[in-house]
Amino acid sequence: WKGFDGLIDALVVLRQEFSFLKLLIIGDGHDKRRLETLRDKHSLSNAVIFVGRVPLDKIFEYYQAADVFVLNSQYEGLSHVLLEVLSLKKPIVASNCGGNPEVIENKKNGLLVEYNNCEQIKIAVKNILSDPYWQNISFQDACYQSLKKFMWGDVIARTINVLKEINQHG
């Protein structure tokens, strides 16, 4: 449900124009062998790297090194990984499902695509790699502004206000 198949398929086409691209898949799971087979079928053994489990204190190094972060999942709640990547002001392509649209404001702090839609993923990644917006101060400010609504103190204050309203009307 994390859509790694779609990312590998999109990489096949993207590497025709951006030959330097690599896909790093962080984590481990029961699909690894199947994904390795798909990678090998497309002759991408040097371009799709299975990093495995990464300690939390090292994960930000991978986010920081990324040109584009892609979350192609079928379902997400409130994705903390998207918040973490936004805090580093890295461009994001995320599937338009679950809580992702709550975090990603399309064309401002990232790009939203349909889950596992290889064509949309390809276009979004190409846009981020080609358009200077994703490297400038306007994008960085959009990341900061979107993170403000998830700051713990603000969340608590809004929750208290909702509870007060319920209490007054209840």
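Modeller: Begin with pLDDT, which is the predictor's confidence in each residue, on a scale from 0 to 100. This is a predicted model, in which local features need pLDDT of at least 70 and side-chain atom pairs count only at pLDDT 80 or more, while totals for chains, interfaces and linings use all residues. Residues are numbered from 1 along each chain as its sequence is written, and side-chain values use heavy atoms, leaving out hydrogens and water. Here the chain has a mean pLDDT of 89, with 95% of its residues at 70 or more.

Colleague: Where in the chain is confidence lowest, and where is it highest?

Modeller: Helices (H or I, at least four residues) and strands (E, at least two) are DSSP runs, numbered from the N terminus. Confidence is lowest in helix H8 (residues 152-169), at a mean of 74, and highest in E5, at 97.

Colleague: Which residues of strand E4 are buried, and on which side?

Modeller: In a regular strand the side chains alternate between the two faces of the sheet. Buried means under 20% relative accessible area, with exposed over 50% and partly exposed in between (1.4 Å probe, protein chains only). In E4 (residues 92-95), Ile 92 and Ala 94 are buried on one side, and Val 93 and Ser 95 are buried on the other.

Colleague: Why do the buried residues of H7 line one face of the helix?

Modeller: An α-helix has 3.6 residues a turn, so residues three or four places apart point the same way. In H7 (residues 137-148), the buried residues are Phe 139, Ala 142, Cys 143, Ser 146 and Leu 147. Seen down the axis of H7, they fall within an arc of 130 degrees (taken from the directions from the helix axis to the C-beta atoms), so they line one face of the helix. These buried residues pack against H4 and helix H5 (100-103), where contact means heavy atoms within 4.5 Å.

Conventions. Expected span 1.5 Å × (residues − 1).
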